[in-house]
Amino acid sequence: MPVIWVMIMLSVRNLNAYYGESHVLRDVAVSVKQGEVVVMLGPNGHGKSTLLKSICGLVDQITGRINYKEEPITGMATENIVNLGLIYIAENRELFPHMTVLENLKLGAYAKNARPHEKGNLEWVFDLFPRLVERRKQLASTMSGGEARMLAVARGLMSNADFLCIDEPSLGLQPSLRHEIFSIIKQISKEGKTVLLVEQNIPQITELADRIYVMEEGQISFEGDKDEALGNEHLREIFLGM
Amino acid sequence: MFSEDTILLLYEITDVIIAGLSMGSVYALMAVGMTLVYGVTKAFNFAYGDFFNMGGYFAWILIFGLGFQFMGYLGVLIIVMPLMFAVGYALEKLMIAPLRKREDWENKVMMLTLGLALFLTSLYTVVFGVRMKSLPPIWEGTLEIGQLVFAYQDIMIFVLSLGGIGLLGWMLNNTRIGMAVQAVAQNPVGAKIVGIPKERIFASTFAISTVMVGFGGILLSQKYFINPMSGGTIMIKAWVVTAFGGMGSIRGGLYAAFIIGMMEALVGWVFGLSYGIIALFILLIATLVFRPQGLMGKGG
């Protein structure tokens, strides 16, 4: 078998994160290869979001080592991390409510490295989310939950990032929209982006994931590819809902 | 037709309206600067009025201290405005930014800027003395339409203040940094996520507000006087305008500024100038009692 060298895009080692007194992440190790879709499952409030936020420089108290494209980014300011091509797409969307869809998207391309690609990326996200084209003059605050979620993902893509940290994209969406957003993420991955995705318990997730991690009480309790995950009774029952 | 008295009265009323408009426009300039900083950083700058003096004093040093004459007031503005920006930016970076990492920093910023206000007042007293200073009019002479007389100075104050506000509005909506300022005001977390350098935006916003109030200082010191204490009065006025308009609402601040400018001119005409400040406080109390969120504020 030929050996194919694949770059490790992201490697997290011994990551500990704290919110004040509470110790949220305990010695977490995660690695993501280029082009992969890695899904982090686990119950609510066990540190999945904190992991994504720590990677993207949104948590103040962290220790450990986070490398992106073999460069240490631990403790770096978010704006510099975004500029390296890593973007966080928030579960609660964090849009700019009194701005239009188009203005939100343009601000998505604020990072220096994203600016030259703004036009091209705008066309790309309008292709991916045709619904946003009709709504581009609409204020973000007047959008429905599903559309706002689409806008949040689209705004993240505007950053020209190679690596997307997507936090519970299906949260609060009806099944058809959920399906739509997963197929869009699949397409994004096919176009060469690497994805680290956080979800709670979604049956369809195995269609999307190359590899799966499970996080419980701030620690990684399972790591494996899709087949291993499906072969694991505990996992099937609790997180995949089968 | 009209008796002579009625016509005289009409002239007086016109004078009052012009005074109200020119005052109102400068208040608008200052209130917009104040509301902008509040909207973006959610912290209150008590030294705001002292930057009003600073603008006036910088211009005074240039014109009378250094005998600067290049291009008249335009030259003065070209030098003083960037200087005000630099002072505001540096103060934010050196004094306010370090506080922001601490708990309860909004209150600490208030205390710090209150101290800064006292310091600046004393500094001005030492450097310039307590005597009043005034700047020459930006444009001398009057415009006469029939019996009506308008001072060019008032017209210039009005035009330049509105021009300053217009320029700010244009910047906020049409430049990358302006959109970033709005983004931070609307959703600081969202702004951070997309990679907007929040610290730099905070400092720039503070600096822009310093420029606006300093510009107001240059404009008003031509008509009135500045002394080391006048910052306090200006601070109160800018605050009342901002509170009356609704904290963080730029449009509310604009309406409020003209209403208050007019009110002051009217009260001054009917009861005497010193009653202006009393009327201001009555308005403030009424606002806080009946509409605490202000004219266009969002919620209480």
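1. Let's start with B:Ala31. In this predicted model, and leaving aside its neighbours within four places in sequence, B:Ala31 is in contact with B:Ala238, B:Val241, B:Thr242, B:Gly245, B:Gly253, B:Ala256 and B:Ala257. Three of these partners, B:Gly253, B:Ala256 and B:Ala257, fall inside helix 10 of chain B, which spans residues 250–271, while B:Ala31 itself belongs to helix 1, residues 4–41.

2. Two packed helices are described by the angle between their axes and the distance between the axes. For helix 1 and helix 10 of chain B, the axes come within 7 Å and cross at roughly 145°. The crossing of helix 1 of chain B with helix 10 of chain B is right-handed. By class, the residues of this contact are 19 nonpolar, five polar and one charged.

3. B:Ala31 turns up again in the largest nonpolar core, which has 155 residues. Together with A:Leu86, A:Ala154, A:Cys165, B:Met30 and B:Val32, B:Ala31 touches the most other members. Helix 1 of chain B gives the largest share of this core, 14 residues.

4. Now for the two chains together: how many residues of chain A are in contact with chain B? There are 20, and they meet 14 residues of chain B. On the chain A side, helix 2 (78–84) and helix 3 (101–108) each supply at least two residues. Helix 2 of chain A provides the largest share of that side, four residues. Sorted by class, the side of chain A that touches chain B holds eleven nonpolar, five polar and four charged residues.

Technical notes
Residues numbered from 1 in each chain as written. Chains lettered and ligands numbered in written order. Predicted model: local features only at pLDDT ≥ 70, side-chain atom pairs only at ≥ 80, totals over all residues. Axes fitted to C-alpha atoms, helices over the stretch in contact; angles between N-to-C directions. Left-handed = near helix turned anticlockwise from the far one by under 90°. Nonpolar A, V, L, I, M, F, W, Y, C, P; charged D, E, K, R; others polar. Contact = placed C-beta atoms within 7 Å. Core = buried A, V, L, I, M, F, W, Y, C linked by C-beta atoms within 7 Å. Buried ≥ 20, exposed ≤ 12 C-beta atoms within 10 Å, placed from the backbone.
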